[in-house]
Structures are given as C-alpha cells and as structure tokens.
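Reader: I've got the model open and I'd like to talk through how its pieces pack. Can we put it on screen?

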Amino acid sequence: MYLPDPLARLVDELARLPTVGPKTAQRLAFHILRMPEEEVRQLAQAILDARARMRSCSICFNLTDVDPCAICTSPTRDPSVLCVVEDPRDVLAMERTREFKGRYHVLQGAISPLDGIGPEDLRIRELLQRLEGGEVREVIIATNPRVEGDATAIYLTRLIRPLGIKVTRIAHGLPVGGDIEYADEVTLAKALEGRREL
C-alpha cells in the first residue's frame, strides 16, 4: 500500500515500539494526523521531555526525574525492608497494590545465560553495598516467576543469607478469581508451596 513518505516514516517509527505491529502503527499514525496540531506538539514535547529528564536513581536504580528518587527519600517508607525487582515497571506494579511500605532495588534485568546476561550485568554489586549498612533487616525478592527470575532469586539468596538478613520470596500461585480446574500443574504446585495458615 502506498503511503506518502512522511506518513510512511511515522508508521515505521511507531512500529518500532514494543507490542506495536504494522496495523496498530498505521492506526496510531492516522490518529495522530487527525489530532489538533497543539495536541501533536504536546505529545512530541512530552516524549522529548521524558527522554531528556528521566534517569536511574543513584540509590535504587528506579526511573526518576530527581536523584535520589521520591521513594528513597521518603521519611514514611520503612528502610529496613527492601524489595528487589527486575525492572522499573515492577516497582509500578508493586506500588499499585498500596501494600508495600518499604524501599526498592531495581536489578535492571535477570540472570539469563542464553541472552548473555550474567550477575555482573545487573545491579547486584550495588545491592550488596546497600546491605552493608546494617539498616536492612529483610530483603523481599520479587523477581518474575520464570526460569530467569527463579535463577536470579536463588543467586541473590545465596549472597544475602550469609549476611544475617532475612530473605523472602513473593508467593506464586493461583490468581484471585481463577478456577483451580484451569490452572497448570506448576502453578498449582507453587500455590501449595506458598500456602499459609488461616
């Protein structure tokens, strides 16, 4: 299908975004062309501003526009509990629960030998430095429940336990509202392992 060069370039650039295929990119491009010019300028400026101003927090490595980030400097957060996650998006997910009141450490990935990612490629050294201060009493490992996340959790546990710090792992299992009959064997096994007394 023929598209004028400026429109084709816009579609190509949008298609480079994660989870955006050619059809979605085309729909987005046509939507942008229908937007008022001022809204298009605001969108473009928001993208440029986010790219220019966002950086990693020097303490926890979460995304922030101020360093250190608001979570690391908050007097209402419990500094004795540290939740270790793979990605800044995981921090957002944890914060949406409104249940966790501690602080975070973002590894910037998970151990994945097949992808060439080893422990030295993650923010593990910085995590261990944070734990040296003696302020942290518990580390909650909240890596994703897949092979890479589990390998990372095991590796971190072996490093942290000798420091005398309690290490816990978030539970895995059935989603709320799910039916047992539709769950796979691994999910059910994890649900049994993570059971707790009522």
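Reader: Which residues of helix 5 are buried?
Author: This is a predicted model, so local features need pLDDT of at least 70 and side-chain atom pairs count only at pLDDT 80 or more, while totals for chains, interfaces and linings use all residues. Residues are numbered from 1 along each chain as its sequence is written, and side-chain values use heavy atoms, with hydrogens and water left out. Helices here are DSSP runs of H or I with at least four residues, strands are runs of E with at least two, and both are numbered from the N terminus. Taking buried as under 20% relative accessible area (exposed is over 50%, partly exposed in between; 1.4 Å probe, protein chains only), the buried ones in helix 5, residues 88-97, are P88, D90, V91 and M94.

Reader: Why do the buried residues of helix 5 line one face?
Author: Look down the helix axis and take the directions from it to the C-beta atoms. The buried residues of helix 5 line one face because they fall within an arc of 150°.

Reader: And which exposed residues sit on the face turned away from the buried side of helix 5?
Author: The buried side has its cover, which includes strand 2 (63-64), helix 4 (70-73), strand 3 (78-85) and strand 4 (102-106). The face turned away carries the exposed R89, L92 and R96.

Reader: What is the strand order in the open sheet of four strands?
Author: Two strands pair if DSSP finds at least two bridges between them. Strand 5 (138-141) and strand 6 (166-169), for instance, run parallel and are joined by four bridges. The pairing in the sheet is parallel, and the order is 4-3-5-6.

Reader: What angle does helix 6 make with strand 4?
Author: Axes are lines fitted to C-alpha atoms, for helices over the stretch in contact, and angles run from 0 to 180 degrees between N-to-C directions. Helix 6 (124-131) packs on the sheet, touching strand 3, strand 4 and strand 5 (contact means heavy atoms within 4.5 Å). Its direction makes with that of strand 4 an angle of about 150°.

Reader: How far apart are the axes of helix 6 and helix 7?
Author: I124, L127, L128 and L131 of helix 6 meet Y155, L156, L159 and I160 of helix 7. The two helices pack at an angle of about 35°, and their axes are apart by 11 Å.
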